[in-house]
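Please read them alongside the coordinates.

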Amino acid sequence: MTPLEELWSLQGQTAIVTGAARGFGAAIAHRVSEAGATVVVADVRHDEATATAARIAAETGGSCHGQPVDVTDEASVARLFEAVESELGPVNLLVNNAGVFSNYYASELPAQEWTRILDVNVTGTFFCSKAAARRMQNRGAGVIVNVASVDALASSAEGLVHYTTSKHAIAGMTKSLAMELAPSGIRVNAVCPGAAMTEGAIELIMDGAPDGIDIEAQWDGIVDRTPLGRLCQPDEVGRAVVFLASDMASFITGVLLPVDGGILVQPLEGYVPAGISTGDMARPDPVAGEDAP
Ligand SMILES: NC(=O)c1ccc[n+]([C@@H]2O[C@H](COP(=O)([O-])OP(=O)(O)OC[C@H]3O[C@@H](n4cnc5c(N)ncnc54)[C@H](O)[C@@H]3O)[C@@H](O)[C@H]2O)c1
C-alpha cells in the first residue's frame with residue numbers, strides 16, 4: 001500500500017491558485033505549498049499576489065510565486081499559463097478560486113453587476129479550466145478544484161441571485177468537465193464553503209447593503225443556522241482542497257464537497273431536537289374551523 005504520507009503529498013507538482021492574493025485563495029495556496037507543490041499565486045492584484053507569495057514561501061519554505069492574471073480575459077489567462085510553463089514546468093493542479101460577490105435585490109440588480117459576477121465567477125473559471133484542460137489532456141493527468149460555495153447547492157440568503165446563479169453554474173461546470181476529462185486522467189471537483197470572514201467578505205459588510213437587507217443580521221443568522229455554530233475558517237477550505245488535489249482523492253471526481261459546518265443539512269421545520277421525545281412537543285393548533293386530527 002502507498003504510505004499515507006505519500007498519498008497526501010503534492011511534491012514535485014506545479015499548482016496555480018487564482019485569486020490567491022488574499023482570502024480563501026491565500027489560505028489554499030499556503031496549504032498547497034505546505035503539501036510540497038510549487039505554487040503560483042495568480043491574481044488581478046499583482047502587488048498583493050507577489051507579497052502573499054513571498055509570505056507563504058517564508059512560512060512553508062516552499063517555492064511560491066506571484067503572477068498577474070485577470071481571469072475574465074482569455075489572453076491574460078493564456079499569458080499566465082505560458083509564463084508558468086516556461087518558468088516552472090507543466091501545471092499539474094489548477095484551483096479556480098477567484099470570485100466576486102455583492103448584495104442586490106433581483107429587481108434592483110444593475111445589468112453590469114450581473115455581468116461582472118458571471119464574468120469573474122463563471123467565465124473566469126471556464127477560461128482557466130479550458131487552458132489547463134488542453135495541457136493536462138496532452139499529458140494524460142491533472143487535477144482541477146473549483147471553489148464554489150454552499151450557494152452552488154442552495155440559496156443561502158436574499159440579495160444573492162447573481163452570485164447563487166454563478167455558483168450553481170460552477171456546480172454544473174464541475175460535473176460536466178469531470179465527465180469530459182475523466183478519460184484523459186483528469187479529475188475535476190469543487191469545494192462548497194460556507195460563509196467566512198475573508199477580506200472580500202469584510203469589504204462587503206463594510207460597504208453596506210441595499211435598503212431592506214441587514215447584512216450584519218444576515219451573517220449572525222448564518223452562525224445561528226450552522227450546526228457547528230460558527231463561520232468557516234479559510235484554512236478549513238485549504239485543507240479540503242489539498243485532500244481533493246491529492247491522491248487521497250484518487251477515485252473522486254465530479255463531487256461538490258460542502259465545507260460548511262453542516263448548514264446544508266440544517267433541520268427542516270418540525271425537526272425533533274436530540275433528547276426530546278415527540279410526546280413532549282406541543283401539537284400545532286388545529287386550523288380554525290377544522291376538526292383536530
Ligand atoms: N468568503 C465567503 O464567505 C465565501 C463563501 C463561499 C465561497 N466563497 C468563494 O471563495 C472564493 C474566494 O472568496 P474570498 O471570500 O476569499 O474573496 P476575497 O475578495 O477575499 O478574495 C478574492 C480574490 O480574487 C481576486 N480576483 C477578483 N477578480 C479577479 C479576476 N478577474 N482575476 C483574478 N483574480 C481576481 C481578488 O483580487 C481577490 O484577491 C470566491 O470564489 C468566493 O465566491 C467565499
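Is the crossing of α5 and α6 left-handed or right-handed?

1. The crossing of α5 and α6 is right-handed, a crossing being right-handed if the near helix is turned clockwise from the far one by less than a right angle, and left-handed if anticlockwise. Helices (H or I, at least four residues) and strands (E, at least two) are DSSP runs, numbered from the N terminus.

2. This is a predicted model, in which local features need pLDDT of at least 70 and side-chain atom pairs count only at pLDDT 80 or more, whereas totals for chains, interfaces and linings use all residues. Residues are numbered from 1 along each chain as its sequence is written.

3. α5 and α6 pack with their axes 9 Å apart and at an angle of about 15 degrees, which makes α5 roughly parallel to α6 (angles under 35 degrees count as roughly parallel, over 145 as roughly antiparallel, 65 to 115 as roughly perpendicular and the rest as oblique). Axes are lines fitted to C-alpha atoms, for helices over the stretch in contact, and angles run from 0 to 180 degrees between N-to-C directions. On the α5 side the contact includes W114, L118 and F126, which belong to a set that meets residues of α6, among them Y163, I170 and M173; two residues are in contact if their C-beta atoms, placed from the backbone, lie within 7 Å.

4. Helix α4 (residues 74-88) also approaches α5, their axes coming within 9 Å and crossing at roughly 40 degrees, which makes α4 oblique to α5. The contact is made by E74, V77, A78 and F81 of α4 together with F127, C128, A131 and R135 of α5, and these residues divide into six nonpolar, no polar and two charged (Ala, Val, Leu, Ile, Met, Phe, Trp, Tyr, Cys and Pro count as nonpolar, Asp, Glu, Lys and Arg as charged, and the others, Gly among them, as polar).

5. Seven strands form an open sheet with parallel pairing, in the order β3-β2-β1-β4-β5-β6-β7, where two strands pair if DSSP finds at least two bridges between them. Because β3 (64-68) and β7 (256-259) stand at the edges with a single partner strand each, one side of each is left without a neighbour in the sheet.

6. Around the ligand there are 30 residues, of which G19, G23, G99, T198 and G200 come nearest; a residue is near a molecule or strand if its C-beta atom, placed from the backbone, lies within 6 Å of it. The elements giving two or more residues to this shell are α2 (23-34), α5 (111-139) and α7 (199-207).
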